[in-house]
Structures are given as structure tokens and as C-alpha cells.
Amino acid sequence: MGNAQATPARKLTDAEARLAEIFAMQQSASAPQLAKLRTAAFDAFAKTGLPNRRDEAWKYTDLRALLRDVKPLAAPPEDSAKQSARNAAVLEGVATRRLVFVGGYFVAELSDLGDLEAGLSVVSLSEALAKGDAAAMTQIGNVGEVDDPAFALNTAFMGEGVVIRVGAGVCVDRPIQLVFVAGAQPATYFLRSLVIVEKGARATLIESFEGETAQEYHVNAATEVVLEEGASLERLKISREGAAAMHVSTFVASLAADAQLSDFGFNLGGAVLRNQSFININGQGAHAGLRGANILKGKEHADATLFLDHAAERSESKALFKSVLDDSSQAVFQGKILVRPGAQKTDARMMARTLLLSEGAQANCKPELEIFADDVQCAHGSTVGALDENLIFYLMARGIPQVEAQSLLTEAFIGEVIDAVATRSVRDALSALVSERLRTR
Amino acid sequence: MTALLEIRDLKAEIAGKQILNGYDLTVKAGEVHAIMGPNGSGKSTLSYVLSGRPGYKITEGQALLAGADLSQMSVDERAAAGLFLAFQYPLEVPGVATMTFLRAALNAQRKKRGEEEMSSPDLIKRVKELAKILDMDMEMLRRPVNVGFSGGEKKRAETLQMMLLEPKLCILDETDSGLDIDALKVVSNGVNQLRSKDRGIVVITHYQRLLDYITPDVVHVQSAGRIVRTGGKELALELEETGYARYQSEAA
């Protein structure tokens with residue numbers, strides 16, 4: 001199908017029309033083995049177009065209204081942009097294996113691919129595709145069944161990212177950090193990564209996004225993770241985007257028997273941020289811990305949308321999402337737990353807590369349970385409130401000034417999700433980011 | 001010499017209801033005063049008015065700390081000026097490590113007074129010394145402030161804070177409530193170590209028991225929001241015999 005929107009039922013928005021144009025142009029340049037996947041994805045996208053508030057999953061983040069125009073696909077970064085990326089500050093000083101992407105392009109000279117641990121393979125997506133990595137090709141886009149227009153767009157346009165494979169039984173101690181630094185010009189970045197953790201292997205993946213620029217730019221990122229039997233992955237995603245940035249990120253994971261996933265999405269800045277996660281628990285005894293934290297101010301908007309699909313017996317999921325909202329910022333939490341027939345002894349818990357620091361801030365929480373098995377434990381809840389005045393008084397009565405008392409209590413509120421990060425140096429760096437963010441209120 | 005605490009004809013209300021009705025009290029440096037009285041006589045209200053708890057409003061009169069008008073200071077400024085209230089029910093502060101809390105409190109006070117901040121190693125050393133005096137396990141102090149502490153442990157922690165911060169004026173609001181006899185002795189021992197010629201201590205209590213361990217110089221009887229009788233330590237013993245009934249009827 002050369003022209004997917006041949007007979008649109010409605011008039012396309014400018015952004016949708018532009019996306020179709022760009023897609024038609026890039027299609028000829030695409031690697032042939034990907035062309036089919038990209039076309040199918042774009043066709044799927046074109047059927048619905050950009051999601052809007054009438055789509056339940058996008059109810060509070062109307063992408064059709066928000067995405068007024070499409071920034072051009074990023075051109076390769078200039079040397080000056082690469083130089084400034086050396087100052088990428090998120091988790092600076094933490095001993096991670098850093099792979100740096102500037103303006104959507106992998107920058108080998110800033111990245112550390114030397115002395116890879118035995119059994120660990122890390123290659124850029126473009127290199128994997130150029131080499132025709134057959135295993136990667138069959139996995140990309142197939143880790144879970146995801147019917148979502150933003151993810152479809154990512155598949156249609158995916159530019160750069162990494163393919164990571166951790167061999168069976170291999171334990172990689174040093175966290176692998178993907179550092180995505182926005183370029184200086186308005187642009188759209190489509191980033192895509194695939195992580196395969198083989199049987200009994202273990203690794204830590206950090207994805208950090210930052211942009212110093214006041215320019216408007218758009219990030220559409222997606223990460224697919226395959227956890228084989230008994231595999232374990234801790235994933236941490238930090239978004240500290242520029243003030244005018246729009247960031248939509250999709251996380252797809254499949255968990256085989258006894259696999260362990262710990263995922264933490266941390267939002268520290270950006271005009272519009274959305275983290276959507278599709279977690280497929282396919283194996284018995286698998287465990288998924290999902291956490292999120294937002295510290296928002298101004299008019300920032302962050303949306304965490306979670307689909308947890310329990311399809312196997314004795315699996316567990318624990319979700320905890322916390323937001324601290326100042327000014328007229330907004331946080332959205334949507335969480336849906338699906339327990340399929342036969343997924344007996346499922347234990348699924350989901351909680352969203354919001355701390356409002358300002359009367360103008362807003363929280364929307366929408367948990368859902370859909371249960372088709374009869375011997376399960378599922379629970380969800382949400383709270384929204386202000387700081388406890390009695391605690392502020394107690395701290396002040398010991399001499400702590402009001403602003404500092406509020407910061408301490410707010411850090412404590414967010415601390416609960418940070419404390420669960422396994423690597424101490426990462427945990428300390430995150431706490432420092434929180435303090436910094438709160439003290440610049 | 002200026003009194004450490006001088007309360008003159010103080011009237012205060014909460015939510016429009018007057019609780020203190022012309023309160024007069026003078027505490028000089030070096031003195032320990034006990035304020036006793038029946039439930040509902042406004043003993044805790046006095047401590048909250050002095051420390052500046054939101055909602056407690058002075059409508060008339062004055063409360064001066066070393067000559068400075070407390071009503072003109074924020075809660076944290078009062079603390080830095082040397083006022084310490086040991087809470088009747090110390091609060092649990094989830095997620096805030098005890099050491100972080102102690103460091104923030106001590107150094108905020110020192111900063112406000114233009115003094116040098118205490119280094120972390122010095123702080124830890126000092127806290128260890130105090131924990132030993134108060135028979136507290138340092139493990140407890142690695143936890144968040146008061147979280148999971150028993151009533152007695154919270155009172156020990158409160159006393160530790162007080163000893164670390166070295167206030168000019170200590171107000172102990174029913175510190176004996178919820179304490180078993182061993183804890184009472186330990187806490188009293190801590191308070192007695194704070195007795196000095198430069199410091200004033202006000203012990204608010206319902207029972208005479210605490211005063212067996214912290215011997216007051218002056219005992220006051222409070223009823224219906226003001227002091228109705230003042231005497232020496234023997235007054236506490238008399239109250240133990242006669243109860244508060246006659247003061248309540250007197251005030252009514």
C-alpha cells in the first residue's frame with residue numbers, strides 16, 4: 001500500500017499529513033528487510049491517526065491536539081553538539097557503561113564499547129540492521145502485541161538505538177546507560193532499542209534523556225525487552241527534557257517463567273511526557289516491579305499509562321507511582337491489570353500517590369482491573385493530598401525553616417520509590433537529582 | 001536580670017475558643033518549674049502557643065523569650081532563639097532519616113544564630129554519646145525519625161534531640177505519659193543533665209511521679225487557662241493527696 005491515507009474518513013491534521021509525507025520520502029531509503037515492518041506499522045497508524053482524548057488509553061494526553069506540527073527528522077549532529085553532549089549530567093559520575101546518542105545519532109567517540117563483559121553484546125540498532133542480525137529482526141516489534149498509534153509510529157520511523165543481548169547465565173554488574181541528548185535544532189527523534197536477557201542472565205539498563213535547549217523537539221522512544229526464563233533486568237528511565245520538549249515513550253516487556261523485571265520511570269522535566277508500558281507476564285512465577293515518579297512544575301504534563309497482562313500462574317506485579325506537583329502541572333496515572341483465565345494465584349497490586357504543592361496542580365488517576373481467574377489477589381488504590389501540616393510544624397519546631405521542611409518531606413515522599421533502586425551509587429545520584437529539582441522550585 | 005521566659009496576662013484562642021485566660025509566668029535561668037493541672041486546663045495549649053503552632057492565636061498579653069517577643073517569630077526562629085518543646089506525642093516522619101533530621105535541625109539553628117555548622121563526624125560522635133546516656137540503640141537512629149518507635153522510645157528520642165540542640169528553655173509536655181518506670185528514670189536522667197544555671201526547664205505534667213526524678217524549684221497549678229496557685233516542690237505532693245477537684249471548682 002503506497003499511500004495509506006488514500007481515503008481518509010476525516011481530514012488529516014497538519015501533523016498527520018506531514019508524517020505521511022515524511023514516511024513516503026524515507027521509505028525508499030530504508031533497509032529492505034525493514035521496509036515491510038515499517039509499512040505495516042505506518043498503515044496501522046494511518047487507520048486511527050494520532051490518538052486523541054476519545055481514545056481511552058490517551059484520554060488525558062490528547063496527542064492529536066498537542067502535536068500541532070511535526071519537526072523534521074534529525075540530521076546528523078554537528079561537532080559542537082557532540083562537544084556539549086560531553087556535559088550530559090544525568091547520573092554523571094556514576095560508573096555506568098555509557099552509550100551516547102546526540103540528536104538521535106549514535107556517537108561512537110563518546111561511547112564506551114570497550115572491554116565488553118563476556119557474554120554481553122551491545123551494538124547500535126543501525127549496525128545490527130546493516131549486519132542483518134536475524135534474531136534481532138525477528139524480535140523487533142514482536143515482543144508483545146501492542147496496538148498503539150505512538151508505538152506504531154516509532155516502528156514506522158525508528159532511527160537509532162541499541163540492540164543488547166546478555167548471554168545465558170551472564171551477570172553484568174556495571175549498568176548500561178543509554179544517554180540521549182537532544183540536538184540544538186528543532187527535530188523529531190525516533191529511538192528504538194531491543195534488549196534480550198537470556199536464560200538466568202542479569203543486567204541493569206539505564207535510559208536517560210536530556211535536553212538543555214529551549215527549542216521545541218519531539219522524542220518518540222521505544223524499548224522492547226525480552227526476559228527469558230529466570231532472567232532479571234532492572235531498568236531505569238530518566239527524562240529530564242528541555243522545557244518545550246514532547247516525549248512519548250513506549251516500553252514493551254515479555255517475561256518468561258521466574259523472570260524478574262524492575263522498572264522505574266522518573267520524570268524531571270519536559271512540556272509533555274508520556275511513559276506507556278506494556279508488560280506481558282507469560283511465564284509462571286515471574287515478577288514485575290513497576291515504579292514511577294514525577295516531579296513537575298510550571299505547566300508540565302506527565303502521563304504514566306500501564307498495561308499489565310498476567311497470563312501465567314503464580315506471577316506477581318507491584319506497581320507504585322508517585323507524583324509531586326507544583327504550580328499548574330498535571331500528572332496522569334492510568335493502570336490496567338488484566339488477569340487472563342488460568343492465571344491463578346496472581347498477586348497484582350497497584351498504587352498511585354500524588355502530593356500537591358499548589359492549588360493549581362492536577363492529578364488524574366484511573367486504575368482498572370479486569371480479572372478472568374477466580375483465585376487471585378488484586379488491589380489498587382490512589383491518594384491525592386498536600387503535605388502534612390503537623391509534620392511541617394514538628395520539623396519547624398526543631399529549627400528547620402519552612403521551605404527546607406517542605407523539601408525534606410517531599411524528598412521523603414519520593415524517596416520510597418527511589419529506595420527500591422538496587423545500585424547504591426545510582427540511588428544516591430537520583431536522590432541528588434530530586435534535591436536539586438525541589439530546591440529550584 | 002531579664003527573665004528567660006516571661007508570660008504576662010496572656011490570652012490565646014484556638015478556632016475562636018479562648019483557652020488561655022490571662023496567663024502569668026516567669027521562669028528565670030537556672031530554674032525548673034512544674035506546671036500541673038487537670039486534663040483540659042490548657043497545659044498543652046500553653047506549650048503550643050509558645051512554640052507557635054499554626055491555629056493557636058495570641059489575642060492579648062505577651063510572651064517573651066529572653067526579652068524577645070515570641071509572637072513576632074516564626075516557629076523555626078523560636079527554636080533557633082532557644083525554645084524547645086518536647087512533644088507529648090512525638091510524630092513519626094516516614095522517609096526522613098533521623099541523622100538527616102538532626103543535622104538539618106542543628107545546623108539550621110546554628111546558621112540562624114551565625115554560628116559555625118557542626119560537621120557530620122562531630123554530629124555522629126555527639127549523637128552516639130547521647131544515645132549511650134539515654135540507653136538507645138544506634139540502630140534505631142538509622143531509621144526514619146520515630147518510625148516504628150514505641151512510646152518510650154519516642155520520648156527518649158525527643159530527649160536526645162533536646163540534649164543535642166541545647167536549648168535555653170525546655171518545655172516538656174507530659175513527657176511522662178506512656179513511659180514505664182525504667183524509661184522514666186532514663187529520660188529524667190537526661191533532663192537532669194540539662195539542668196544548668198543558664199537554662200530554664202518547664203515540666204508540664206498531670207502526675208507527681210515525674211517530679212520524683214526531676215525535682216522542681218517551683219510548682220504551679222493551672223486550671224481553666226491560667227495559673228491559680230504557685231508553691232514549692234511540696235505543692236506537688238499535696239496535689240497527689242488532694243487531687244485537682246478544689247482547683248477546678250475554684251476556677252468554675
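## Confidence in the model

Chain B of this predicted model has an average pLDDT of 93, and 98% of its residues score at least 70. For the complex, the predictor reports an ipTM of 0.96 together with a pTM of 0.88.

## Chain A as a whole

Let us begin with chain A, whose secondary structure consists of ten helices and 19 strands. Its radius of gyration is 21 Å, close to the 22 Å that the globule rule gives for 441 residues, so chain A is as compact as a globular protein of that length.

How much of chain A is buried? Of its 441 residues, 52% count as buried. If you look at the contacts in chain A with a separation of 6 or more, residues 24 or more positions apart account for 83% of them.

## Two domains in chain A

Chain A is split into domain 1, covering 74-386, and domain 2, covering 387-441. Between the C-alpha centres of these two domains of chain A there is a distance of 25 Å. Where they meet, 20 residues of domain 1 of chain A are in contact with 19 residues of domain 2 of chain A.

Which elements of domain 1 give two or more residues to the side that touches domain 2? In chain A they are β9 (232-240), β11 (260-269), β13 (287-296) and β15 (316-325). By class, this side of domain 1 of chain A has 14 nonpolar residues, one polar residue and five charged residues.

## Two loop residues of chain A

Thr96(A) sits in the loop that runs between α4 (79-85) and β1 (97-102) of chain A. Is Thr96(A) buried or exposed? It counts as buried, because 23 C-beta neighbours lie inside 10 Å, and the cut-off for a buried residue is 20 or more. Setting aside neighbours within four places in sequence, Thr96(A) is in contact with Leu91(A), Arg174(A), Pro175(A), Ile176(A), Gln177(A) and Ile206(A). As for Ser124(A), it is 28 residues from Thr96(A) in sequence and 17 Å from it in space, C-alpha to C-alpha.

Asp258(A) is worth a look for its backbone. This residue lies in the loop between β10 (246-255) and β11 of chain A, and its phi is near 60°, a positive value in a residue other than glycine. Most residues other than glycine have a negative phi. Asp258(A) is also buried, since 20 other C-beta atoms lie within 10 Å.

## Chain B as a whole

Turning to chain B, you will find nine helices and ten strands. A compact globule of 252 residues would have a radius of gyration near 18 Å, and chain B agrees with this at 18 Å. The C-alpha trace of chain B extends over about 55 × 40 × 35 Å along its principal axes.

Buried residues make up 43% of the 252 in chain B. Of the contacts in chain B between residues at least 6 apart in sequence, 71% join residues at least 24 apart.

Helix α7 of chain B takes in residues 181-194. The buried residues of α7(B) are Ala183(B), Leu184(B), Val186(B), Val187(B), Ser188(B), Gly190(B) and Val191(B). What do they pack against? Their partners in chain B are α4 (120-133), α6 (151-165), β7 (169-173) and β8 (200-205).

Ala224(B) belongs to the loop between β9 (218-223) and β10 (226-231) of chain B. Though not a glycine, Ala224(B) has a positive phi of about 50°. With 18 C-beta neighbours inside 10 Å, Ala224(B) counts as partly exposed.

## Where the chains meet

The contact between the chains draws 18 residues from chain B and 18 residues from chain A. On the side of chain B that touches chain A, the elements giving two or more residues are α2 (75-80) and α3 (98-112) of chain B. This side of chain B comprises twelve nonpolar, four polar and two charged residues.

How values were computed. Residues numbered from 1 in each chain as written. Chains lettered and ligands numbered in written order. Predicted model: local features only at pLDDT ≥ 70, side-chain atom pairs only at ≥ 80, totals over all residues. Helix = DSSP H or I, 4+ residues; strand = E, 2+ residues; numbered from the N terminus. Rg over C-alpha atoms; globule rule 2.2 N^0.38 Å. Buried ≥ 20, exposed ≤ 12 C-beta atoms within 10 Å, placed from the backbone. Contact = placed C-beta atoms within 7 Å. Nonpolar A, V, L, I, M, F, W, Y, C, P; charged D, E, K, R; others polar. pLDDT = per-residue confidence, 0-100. Domains from an automatic or database assignment. Expected span 1.5 Å × (residues − 1).
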